[in-house]
Amino acid sequence: MSSQFKTVTIAGGTGTLGYHIVEAFLNDGSYDVQILRRKPETENEKAKLLASKGAKIVYADYDQKDDLVKVLKGTDVFVSAINGLVGDEASRFYDNQIPLLSAAKEASVKRFIPSEFGSEFEAGVHPFADDKLKFHEEVKKSGLEYTIFYTGLFQEFLGWFGFDVKNKKATFYTDGDKKLNTTSMPDIGKYVVESLKIQKARNDYIKVAGAILTLNEYLQKFEQVTGSKWEVIEDKDVIHRYQNKIEPIPSPHENFKAIVAQNKQFEDLDNDKFSLTPRPVIEAIEKLVKEP
């Protein structure tokens, strides 16, 4: 099935995930790709590299709607890959994306893909997740076509999540037999590209996972790659200590990691709607182990 779309604009296209989404569109070769960056114009090595591969770099003041509309004119698909923050205060996902959605609608963009690309949370679990859910509703009300992706934890973030390669130590915030959905960032980019040719992706949620393993199974792969037996630390009371300010008080990041670990993993995957075979998770683990 061919895509009805031709021009794609990615906000955050030089960021952690956005870079891989841009690369996937460029490698596909079927689309005119532009990366939206904030004014003022600044030097960026990733932007230079992607421009050398065929991406167009455009700049806009996110606080000026007319400026955003001008650069989005002619865009068929808008992908938001802006970063969010996790801390004591609510993230800025909603506030940062509202101007993009408003400008996309005025510029007659055909499909809007918001910056989700994470785990599926219920309302009230964490301000970061609530901010995303609130924005989902704005996207649905906008009248634009949309696709919302749930991909689980980025496999490249397993080190952040508690698998400490340097010290051969794993911190579990829940039982070791708890399953965790993960997907590599290059695969996420490929899923986004292919979704434009899939009918199910129109005005719907897409749930994909590159791997669904227990924490113990991820640990076994780290031990296999490193050739070492790892120490395991269980800390299941992080959320309770954080909420009640009990010493040692966890950081906001530790609290969020524990919420992710204890969150129910989404089911009813849409992997079978795609031609993509996800890369083995051990490839991401091997790369993490080799990092200095």
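Ala, Val, Leu, Ile, Met, Phe, Trp, Tyr, Cys and Pro count as nonpolar, Asp, Glu, Lys and Arg as charged, and the others, Gly among them, as polar. The model discussed here is predicted.

Q: How do the residues that line the second largest pocket divide into nonpolar, polar and charged?
A: By that grouping, the lining has five nonpolar, six polar and two charged residues.

Q: Which of the lining residues lie nearest the centre of the second largest pocket?
A: The pocket is lined by 13 residues, and G12, R38, Y62, I82 and N83 are those nearest its centre. Under the grouping above, Arg counts as charged, Tyr and Ile count as nonpolar, and Gly counts as polar.

Q: Which strand gives the most to the lining of the second largest pocket, and how much space lies in the pocket?
A: Strand β2 (residues 32-38) gives the most, with four residues. The space in the pocket is about 240 Å³.

Q: What makes the pair of Y150 and Y205 stacked?
A: Two rings pair if their centres lie within 6.5 Å, and planes under 30 degrees apart count as stacked. The ring centres of Y150 and Y205 are 5.5 Å apart and their planes are at 10 degrees, so the pair is stacked. A search of the whole structure finds 17 aromatic pairs.

Q: Why can the pair of Y150 and Y205 be said to tie together parts that are apart in sequence?
A: Y150 belongs to strand β6 (residues 145-150) and Y205 to strand β11 (residues 204-207), so the pair ties together parts that are 55 residues apart in sequence.

Q: Why is Y150 called buried?
A: Buried means under 20% relative accessible area. Y150 has 3% relative accessibility, so Y150 counts as buried.

Q: What makes the pair of Y191 and F274 edge-to-face?
A: Planes over 60 degrees apart count as edge-to-face. The planes of Y191 and F274 have 85 degrees between them, and the distance is 4.9 Å centre to centre. The angle is over the cut-off, so the pair is edge-to-face.

Q: Where do Y191 and F274 lie, and why does their pair tie together parts apart in sequence?
A: Y191 is in helix α7 (residues 185-195), while F274 is in the loop between α10 (252-262) and α11 (281-290), so the pair ties together parts that are 83 residues apart in sequence.

Q: Are Y191 and F274 buried or exposed?
A: Y191 has a relative accessible area of 1%, so Y191 is buried. F274 has 7%, so F274 is buried as well.

Q: Which residues form one aromatic cluster?
A: F78, Y94, F112 and F135 form one aromatic cluster.

Q: How do you know that the charged end of K257 sits over the ring of W160?
A: For Lys, NZ must be within 6 Å of the ring centre and within 35 degrees of the ring normal. The charged end of K257 sits over the ring of W160 at 5.4 Å from its centre. K245 likewise lies over the face of Y242, at 4.6 Å from the ring centre.

Q: Why is F117 called buried, and what is its phi?
A: F117 has 4% relative accessibility, so F117 counts as buried. F117 lies in the loop between β5 (111-113) and α5 (127-141), and its phi is positive, about 50 degrees, although F117 is not a glycine.

Q: Why is K168 called partly exposed?
A: Partly exposed lies between buried, under 20%, and exposed, over 50%. K168 has a relative accessible area of 27%, so K168 is partly exposed. Its place is in the loop between β8 (163-164) and β9 (169-172).

Q: What is the omega of the peptide bond from K39 to P40?
A: Omega is near 0 degrees, and the bond is cis. P40 has its place in the loop between β2 and α2 (45-52).

Q: How do you know that the radius of gyration agrees with a compact globule?
A: A compact globule of 292 residues would have a radius of gyration near 19 Å, and the protein chain has 19 Å, so the value agrees. Buried residues make up 53% of the 292 residues.

Terms used: Residues numbered from 1 in each chain as written. Predicted model: local features only at pLDDT ≥ 70, side-chain atom pairs only at ≥ 80, totals over all residues. Heavy atoms only, no water. Phe/Tyr/Trp six-rings, centres within 6.5 Å; stacked < 30°, edge-to-face > 60°. Helix = DSSP H or I, 4+ residues; strand = E, 2+ residues; numbered from the N terminus. Buried < 20%, exposed > 50% of the residue type's maximum accessible area, 1.4 Å probe, protein only. 1 Å grid on protein atoms, 1.4 Å probe; cavity = no way out; pocket = protein on both sides within 12 Å on 5 of 7 lines; lining within 4 Å. Points joined across faces, edges and corners; volume = space filled by probe spheres on them. Rg over C-alpha atoms; globule rule 2.2 N^0.38 Å.
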